[in-house]
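Please have the sequence and the structure open as I talk.

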Number of protein chains: 6
Amino acid sequence: MNISDFDKAEILVQALPYIREYNNKIVVIKYGGNAMISDELRDRMMTDIVLLSLVGIKVVLVHGGGPEITKVLDKMGKESTFVNGLRYTDQETAEVVQMVLAGKINKDLVQLLVSRGGRALGISGLDAGLIKASKKTDSGDLGFVGNIDSMDVQVITDMLEKGYIPVVSAIGAGDGVVYNINADAAAARIAAELHAQRLLLLTDVKGLLRDKDDESTLIPEVKVSEVQALKNKGIISGGMIPKVDCCVEAVRRGVKRTTIIDGRVEHAVLIEILSDDGVGTMFV
Amino acid sequence: MNISDFDKAEILVQALPYIREYNNKIVVIKYGGNAMISDELRDRMMTDIVLLSLVGIKVVLVHGGGPEITKVLDKMGKESTFVNGLRYTDQETAEVVQMVLAGKINKDLVQLLVSRGGRALGISGLDAGLIKASKKTDSGDLGFVGNIDSMDVQVITDMLEKGYIPVVSAIGAGDGVVYNINADAAAARIAAELHAQRLLLLTDVKGLLRDKDDESTLIPEVKVSEVQALKNKGIISGGMIPKVDCCVEAVRRGVKRTTIIDGRVEHAVLIEILSDDGVGTMFV
Amino acid sequence: MNISDFDKAEILVQALPYIREYNNKIVVIKYGGNAMISDELRDRMMTDIVLLSLVGIKVVLVHGGGPEITKVLDKMGKESTFVNGLRYTDQETAEVVQMVLAGKINKDLVQLLVSRGGRALGISGLDAGLIKASKKTDSGDLGFVGNIDSMDVQVITDMLEKGYIPVVSAIGAGDGVVYNINADAAAARIAAELHAQRLLLLTDVKGLLRDKDDESTLIPEVKVSEVQALKNKGIISGGMIPKVDCCVEAVRRGVKRTTIIDGRVEHAVLIEILSDDGVGTMFV
Amino acid sequence: MNISDFDKAEILVQALPYIREYNNKIVVIKYGGNAMISDELRDRMMTDIVLLSLVGIKVVLVHGGGPEITKVLDKMGKESTFVNGLRYTDQETAEVVQMVLAGKINKDLVQLLVSRGGRALGISGLDAGLIKASKKTDSGDLGFVGNIDSMDVQVITDMLEKGYIPVVSAIGAGDGVVYNINADAAAARIAAELHAQRLLLLTDVKGLLRDKDDESTLIPEVKVSEVQALKNKGIISGGMIPKVDCCVEAVRRGVKRTTIIDGRVEHAVLIEILSDDGVGTMFV
Amino acid sequence: MNISDFDKAEILVQALPYIREYNNKIVVIKYGGNAMISDELRDRMMTDIVLLSLVGIKVVLVHGGGPEITKVLDKMGKESTFVNGLRYTDQETAEVVQMVLAGKINKDLVQLLVSRGGRALGISGLDAGLIKASKKTDSGDLGFVGNIDSMDVQVITDMLEKGYIPVVSAIGAGDGVVYNINADAAAARIAAELHAQRLLLLTDVKGLLRDKDDESTLIPEVKVSEVQALKNKGIISGGMIPKVDCCVEAVRRGVKRTTIIDGRVEHAVLIEILSDDGVGTMFV
Amino acid sequence: MNISDFDKAEILVQALPYIREYNNKIVVIKYGGNAMISDELRDRMMTDIVLLSLVGIKVVLVHGGGPEITKVLDKMGKESTFVNGLRYTDQETAEVVQMVLAGKINKDLVQLLVSRGGRALGISGLDAGLIKASKKTDSGDLGFVGNIDSMDVQVITDMLEKGYIPVVSAIGAGDGVVYNINADAAAARIAAELHAQRLLLLTDVKGLLRDKDDESTLIPEVKVSEVQALKNKGIISGGMIPKVDCCVEAVRRGVKRTTIIDGRVEHAVLIEILSDDGVGTMFV
């Protein structure tokens, strides 16, 4: 496409009100799903984050693991057992989770951000006691899967103050034991503790759909008070339930706006933050 | 023109290397000529400056007067006398110059910047003793026209540190007398004292042309060492000479790059700073 | 007069309790009237302000316009129309007001302060969005005369913190329109927002007189609660009413003491601040 | 052993001169070997580091990998190939190295330090561009093994300033490729860049021995100028050569004292820093 | 006694939890009695204080006078008169008290601390208006003996912030008159104003004893609410009453724990702070 | 004397250039002689110092002892022995010197300054290791009289930064021994280390006289290069020699101007600093 210098400048200018609005504000992004697997989507997203950081937005990136963990477990010949359809995390698996999250995915993201000019610093929920966790017991015994007990976000505050982009692996510790933590929950809690302006949860769907088979029925905005009704109607169902619960919780604890966005869209984050065009469902 | 969200995002991303390069760097812009007269050009430029400021560039705006001064003098029925083709500035004219520069143009610019979200603060060379001047005597007696003797840019440094966009009127004082100062010279000296990364002088021509009647002969880049030869050949001549001398002086005192750009081009400053496409002649 | 070194030292020492009392405190001075017109009074007052600043008092100088504006309007052959005895400010007049206030009077004061060793910085209500205003409608249509809607004194706080003497022109902006603002009102509001220790309003009368024809009937101190009674008796009347209202408002918003002082007295400000001898009427 | 309160206090007092000497000074510790494998030695060492940190010493911990890497490679059924006796690091191995260092060992150390009250923060040479590296070519093609090209220790300085204990994994990046870095070399370079007071390299030997089979022939102190002679005599030989070279390099770049200490000794670091009794060979 | 390096290190490590607990916390120590007279006890205590200071505890040392004052008065041939068994402090005696406290004892302590590497700074209650006092009248006319009216601990806060160990002489001033102040009361009030973590009052007894003739009946901990009952039983009696009252007052004003400890025990302060073994009676 | 408000204001204004000149500059004053003995002179001088401090001058007051020491020694029935006309300071005398200087004179001055609104803080050369001294041997064995070996003025710098007026007693320590130090020498060295703007030595003579019996022959200014000639001529002689040597030394080490002024003149310091009228002999 051939765009004139004037038109390019106009497009930059159109971003001005959004840059002004989010200047020096905190935006927490939960990164996952396809945006994590496709190299192209991932590279675009890292570029977008460096850009947001350079125009004065304080971005915190939170990630989980997913397919990478399975890949390494497979290589190790480690078979998975399931409890009520959820994978049981034994001691060995827990170690692999920690290793893949904090050693592979985290550092790969950091490396991509740094190579694009971002001052990224990768930490985990273990560092400086960020995430205190204990064994999750409400869904049967899942082994080393933990709930967040409390957070000490001082380390993130310190990093933001020094101008770094914190990249956070969702693991936590309690009583000397390391637990795998749900990354959506970690992102939501971090956003709440930091009084973030925005929380973005990347997923592999277009957002909340009235008819789950028809993307044109996207609900662009949901009031927290409407959530229960939407659950009753089955519009919020399945894997969307915990995601929406994270959003609701974050809004209740003071995050201005939380959005479930479609990580399959190129530059989804940039479009969501720096334009009027939303790419998902916002909870307010 | 209809541009997709993806293309818009791509255009933002293309600006990334430039935003990174100029992050926290000082860019001094001498504002004048047509960019000053056309309301549309002026509004665009103020928007551009707010944008540059918000993406982390420390912009200093220096302005002179021109047609506005004549307009007020005319209204006052004040006739001008000329010395060697240059207007003689008597006491009454000097007062009008101060009034129009520091009271009209400066505050109009400030007001435009503020209304677009910029934290603009308008000062003059008198404030906090910024510009010390004395009577200019090298071109005959021109009355209250001054040369810059010295500068104390502490006030600009303080304002930049506090996050303001300084807008500076080119007047100075010496021995209790206020002098009209050439705005190009003021901008060049301010850039030098601040060790600015860039100095942009807006003019009403495309830049330095090999053939002054053919805009396609624009010289995009000139080494300071080549200037004398270009003067000898008559390529640098007339009103361009003092402008080029300011550029040379600024480069010699440590400004990385100084550029004469075409203020008639819409978004000239934005294109010059945030893209590969130059819109004038750069001195290095 | 021949005063010995010892007596001179004693006089300095007598100022000690006042210097101590106002050390690091904010004093807002509304400057106007004869003190503005007589060169000798003006020079003395600027010297006094530099002295107050050097002994550690944070002075903020607020000024309006008055005769200078008329002078320029006259030169431009601009005739004035009146509404209920108040001058109607049309668009052209409004521009002249801005130009004279922010360009002439403000910079002349700055220049005088700087030449006496003061670190003066002249701003207007437009700079950094200091004064937000809207059209004044309570006294008929006066054109571009505005009321103060809100203030953002951050710019003054920043300047005081950096050791500057802010000199403020009483104009404001709203919806892109610039308004002429009453300087007494601007000074009172600035004093209130800064939680100033003192507000001094310079006038051309001795203060509040019980018998307006007998200066020996000066009322040195008035309680805010007594004001209504004094208005009823006609002791506060005419042009004194809005000034007194400003004082009352400032005291109500937390300024410790506000005083209407006689700007015709040489060194009035110095005597008022650094001695026991008051030179006007104080509201507490 | 039964020690009286008085004797205990006396022992604390004996540490006073050393605490004073190293107060607010930087000590870089390369952690490896047996001290890494024995849980008891490791736990003691982490406690010692928290203690050093609490008494005001700025400790930086640098670690490599070793047996843990082999363990994971084995689990993955990955066989190693050797070049001149050195393991060839292919792409897959490089990823495992990164994962084990930054995800397993680093976070395990962080977790131990945090649980003892240390404010530990684990980073790698990738974070904030700490270690720039390029392919090592001087020992044949070893694959993804890198030399340190340059360092930007700003991130460590920032962390020390904020009171954290940096724990650093020895990997680096160049041109988007991640390299395995020798941890001794990384520690030595970090110590040099930080102008550290002390560099401690933990090994599995008692230090430099005149007769390598007789631990009673330990050389407690070596001048940098004597190193070549000791190499010629074969006293510095084998795996000790690169370690000694690191020490010499660090001393030359301004580290006051570097010591090779015996990591098999319990509390080796504490004894080395807080007492007169050395536990290895010091290079000065 | 022959203690191995390992055991020494273990003893240091045992102090870790206490060093962590008191890190950056304020501990106020009232120094007096035998600990002041015996050179050996005094030297040990000064060493202990330097050690506590170096491991990050903010120590404030408050002292009174005692035998030194009598010694100087004797030398001057000054006889003492008594009022209800308390020494009457006439003008001359008051001057001697000031001289001995602020000039002799204070500077001797400072000198000892400095020579051991402590950054000690000796002040009195007169300096920067620390202690405002007035004549004590509740025990008959004792002359220049004062009660504390108020405190301005800013000077101590400033010194702690700059890393000094404040050593404070218990004198105060009011209306230009200098008063002798009870050092226990001064220490308690300083601890309260600084929200200290601990207050230690050194005495010449083992602590509070159930049977004052049997040291084995030491009461290790007393609740503030139990004090009245202990007074009624005569367990708190005589000179212990004002000391206990100081403790109670300090606890009520927010000091976490106050302890009366036995200054005759070597390293009493170090044992009390850095171990589990208490050496007196604690009030909570 | 009856002086009008206007004249009083004019006198304040006359001090303006001097207040500006010394703003934020350091002035070291050696206080002694009659100014110390006469209560009236002393009170005036303390008021003057508070005034200088409040108008922004950083005053450091250094004092010795003199008659007060003799008074206390007399009371103690201590007889003095003399060596070459200089008093021999035995151990007991040294203790009295310390006590009187740091406990009596220092705290009396502090108390006077505080009661006039000065934030005075009294220290001695022992505090924070300010003055390192060793036994003076160049004038025979004088006992505990010391020379200054080195100074660590950090403590004075810290106090000035925090806004205090340091009052310094001239004693020093070396190898655990406390020495009496000449106060002129201490003041000169402190001024040199602080790069003070001015050093004032108060004496009981009018200054340097050409004819020592004729006060009208006062030499107002002496170049350091002229001193030797003046010594040869006997114009600088006796007790003036060490004072002049201190001045010369201070000027050589970078103090702008040092002056010997007449402490018998009321407000001598104020007149010297805040007016054109000098009251002694200045060395430049």
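This is a predicted model: local features need pLDDT of at least 70, side-chain atom pairs count only at pLDDT 80 or more; totals for chains, interfaces and linings use all residues.

Let me begin with a question: how many residue pairs are in polar contact between chain A and chain D, with both at pLDDT 80 or more? The count is 18 residue pairs, where a polar contact is a pair of N or O atoms within 3.5 Å, and where, within protein, one atom must be able to donate a hydrogen and the other to accept it, residues adjacent in sequence counting only if both atoms are side-chain atoms.

Residues are numbered from 1 along each chain as its sequence is written, chains are lettered from A and ligands numbered from 1 in the order in which they are written, and side-chain values use heavy atoms, with hydrogens and water left out.

Staying with chain A and chain D, 35 residues of chain A are in contact with 36 residues of chain D, contact meaning heavy atoms within 4.5 Å. The two chains bury about 3000 Å² between them, with carbon and sulfur atoms giving 59%; buried area here is the accessible area (1.4 Å probe) that two parts lose on being put together, summed over both. On the side of chain A, Met99(A), Gln111(A) and Lys162(A) lose the most area to chain D, together 19% of what that side buries.

The rule also finds 10 salt bridges across this interface of chain A and chain D, a salt bridge being a side-chain nitrogen of Lys or Arg within 4 Å of a carboxyl oxygen of Asp or Glu. One of them joins the side chains of Lys162(A) and Glu161(D), at 2.9 Å from N to O. Helix 6 of chain A gives the most to the side of chain A that touches chain D, namely 13 residues, helices being DSSP runs (H or I, at least four residues) and strands likewise (E, at least two), numbered from the N terminus.

Turning to chain B and chain A, 33 residues of chain B are in contact with 33 residues of chain A, and about 3000 Å² is buried between them, 75% of it on carbon and sulfur atoms. Ile11(B), Leu12(B) and Leu54(B) supply 20% of the area that chain B buries against chain A, more than any other three residues. Across this interface of chain B and chain A the rule finds two salt bridges, and the side chains of Arg44(B) and Glu10(A) meet in a salt bridge at 3.2 Å, N to O. Arg44(B) and Glu10(A) also belong, with Glu40(B) and Glu266(B), to a network of salt bridges.

Finally, a pair within a single chain: Arg198(D) forms a salt bridge with Glu272(D), the closest N and O atoms being 2.8 Å apart. Because Arg198(D) lies in strand 11 (residues 198-203) of chain D and Glu272(D) in helix 11 (residues 268-274) of chain D, the pair ties together parts that are 74 residues apart in sequence. Both Arg198(D) and Glu272(D) are buried, where buried means under 20% relative accessible area, exposed over 50%, and partly exposed in between (1.4 Å probe, protein chains only).
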